[in-house]
Every structure is written in C-alpha cells, then in structure tokens.
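Trainee: I've got a model open and I'd like to learn how to read it feature by feature. Where do we begin?

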Amino acid sequence: MLFKDKFKIDSKRLKNWDYSSEAVYFITIVTKNRECIFGSISEDKMVLNENGQIIENELLKSIKIRKNWFFHNWIVMPNHVHLLIEIQEPRLETQTIVETHSSASTPGISTNNNQTVDETHCCAPLPDNLNQNQNENQSAFKLSRKPNSISSFVASFKSVTTRQINGSSSIWQSNYHDHIVRNYKRFETIYNYIKANPSSWEMDSMKP
C-alpha cells in the first residue's frame, strides 16, 4: 500500500525544500475522523453527493486559475482527495485542464528510475471558527505561507470548502500528506493508484 505509515501528524516537511518550486507533488487531503461525507463507491465508481460536488467544483476552479500548475490526475473519494500536481515554470500561454477526473501528461518528469524519492508529511491547519476574525485569518494565511505553494493551496482549499459545506468547524484533518515525485516510475505508480482508487476502496487504508 502507498500509505503504510498512515498520516503521521508529528512528521515535518522536507527541510530546505521550496514547496512553490518546479516539481511534481502527490497530495492527499483527508476528512476529519475519516468521515465519508463526499459520497460513496458503487460498482467500483465514485458517486459524488452534494458535498462531493462542491469539492469537485472547487478543484475545477483551482485548475482553471493556476496557469502554471498542471493537474495530471486527481480524484474525490468518500473521505479524501488525491491530487497529482506539477508546478511548472510560468508561461505566457498554458493549457487549462478542466476534465472532471484526470489528465495524463508527463512534462518535466525524469525518466531516471535510479533517482531516490523523498517523502514528507506537513500541516496546513484550518481555523476552528472561520467566521470569527475572517479577515485576520485570511491575512495570516497570506503572511505565513508562500504564494503559489502547496501549503497555501491546501489551506485555501480547506477554508473555501469548509465554509461551503460546514460553515465554520473544519471538515478536514489538520494535516495533509505530500510526496515529491522524483522519477517517472514513481509518477506512473501514483497515477495508476489514483485512477484505480475507487475499485480498490474495500482495501483502502483510509476506509473507516
């Protein structure tokens, strides 16, 4: 399984790594208490409920506005979201990906399978009460997180989706999983894992 270590809250981000720099990142965001609030699996397919549609819509918005981010693959599961994202060098014209499940492309991925892969876990906490001092919280996000970084994206995504689904109390775990993909073999493994996630739900380590 890809998640033998589960989601270690006490782990730290990869030291000295700029999480807004060019690289491919595998991101997993999990709901609080692993509660299945986005839908269910039926006949090996993910069926989104109203909450799940909100999550999907926000992801599509993120894909549209982040011109130098390439979303290679992603999926909304009953209690978590998987994202395979590549941060690219900003360009004048970048293709916008708006598919409802995934897009396959491999620019910038090394084909050297001997390269090592560094994994890390990091936190993007969400305020317990989003309605209290909302402007101050938004300012704090801008000051504490580098723009166009993985952590700023996750924090913003958590905040926006929580407000729409639950109003104030966060629907997400305070941490999230990030993995820096360093070679094509690992990229292919993760891409196929995301694609097959609904069909392997019964064996999923995050299934409650």
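Mentor: Let's begin with a turn. Keep in mind that this is a predicted model. In the hairpin of S2 and S3, two residues sit between the strands, and Glu 43 takes a positive phi near 55°.

Trainee: How do the strands on either side of that turn run, and how many bridges join them?

Mentor: S2 and S3 (residues 45-48) run antiparallel, with four bridges joining them. To find one of the bridges, go to Ser 42, whose partner in S3 is Lys 45.

Trainee: And the side chains along a strand, how do I read those?

Mentor: As a general idea, side chains in a regular strand alternate between the two faces of the sheet.

Trainee: Okay, on to helices. What length does H1 have, and what span is expected?

Mentor: H1 has 16 residues, and its first and last C-alpha atoms are 23 Å apart, close to the expected 22 Å. Look at its N-terminal end too: Asn 49 caps H1 there, with a side-chain oxygen 3.0 Å from the backbone nitrogen of Asn 51.

Trainee: Which residues of H1 are buried, and what covers them?

Mentor: The buried ones are Gly 52, Ile 54, Ile 55, Glu 56, Glu 58, Leu 59, Ser 62 and Ile 63. Their cover includes S3, strand S4 (69-76), strand S5 (80-87) and helix H3 (150-165). Take Ile 63 as one of them: its relative accessibility is 3%.

Trainee: Why can Lys 61 and Glu 58 be described as about one helical turn apart?

Mentor: Because they are three residues apart in helix H1 (residues 50-65).

Trainee: What about the salt bridge of Glu 202 and Lys 207?

Mentor: Their side chains meet at 3.9 Å, N to O, and the cut-off is 4 Å. Glu 202 is exposed at 64%, and Lys 207 is partly exposed at 31%.

Trainee: Now the rings. How many aromatic pairs are there, and how do I read their geometry?

Mentor: The count comes to nine aromatic pairs. Phe 38 and Trp 172 form a tilted one, 5.4 Å centre to centre with 45° between the planes. That pair links distant parts of the chain, 134 residues apart: Phe 38 is in the loop between S1 and S2, and Trp 172 is in the loop between H3 and strand S7 (175-181). Both are buried, Phe 38 at 0% and Trp 172 at 2%. Ring pairs also link Phe 38 and Trp 172 into a cluster with Trp 69, Phe 71, Phe 153 and Phe 157.

Trainee: Last one: is Thr 31 buried or exposed, and what does its side chain reach?

Mentor: Thr 31 is buried, at 0% relative accessible area. Its side chain reaches the backbone oxygen of Glu 35 at 2.8 Å. Leaving aside neighbours within four places in sequence, Thr 31 is in contact with Ile 37, Phe 38, Asn 79, Ile 171, Trp 172 and Gln 173.

Terms used:
Residues numbered from 1 in each chain as written. Predicted model: local features only at pLDDT ≥ 70, side-chain atom pairs only at ≥ 80, totals over all residues. Heavy atoms only, no water. Buried < 20%, exposed > 50% of the residue type's maximum accessible area, 1.4 Å probe, protein only. Polar contact = N/O pair within 3.5 Å; in protein donor to acceptor, adjacent residues only side chain to side chain. Contact = heavy atoms within 4.5 Å. Pairing = 2+ DSSP bridges. Expected span 1.5 Å × (residues − 1). Phe/Tyr/Trp six-rings, centres within 6.5 Å; stacked < 30°, edge-to-face > 60°.
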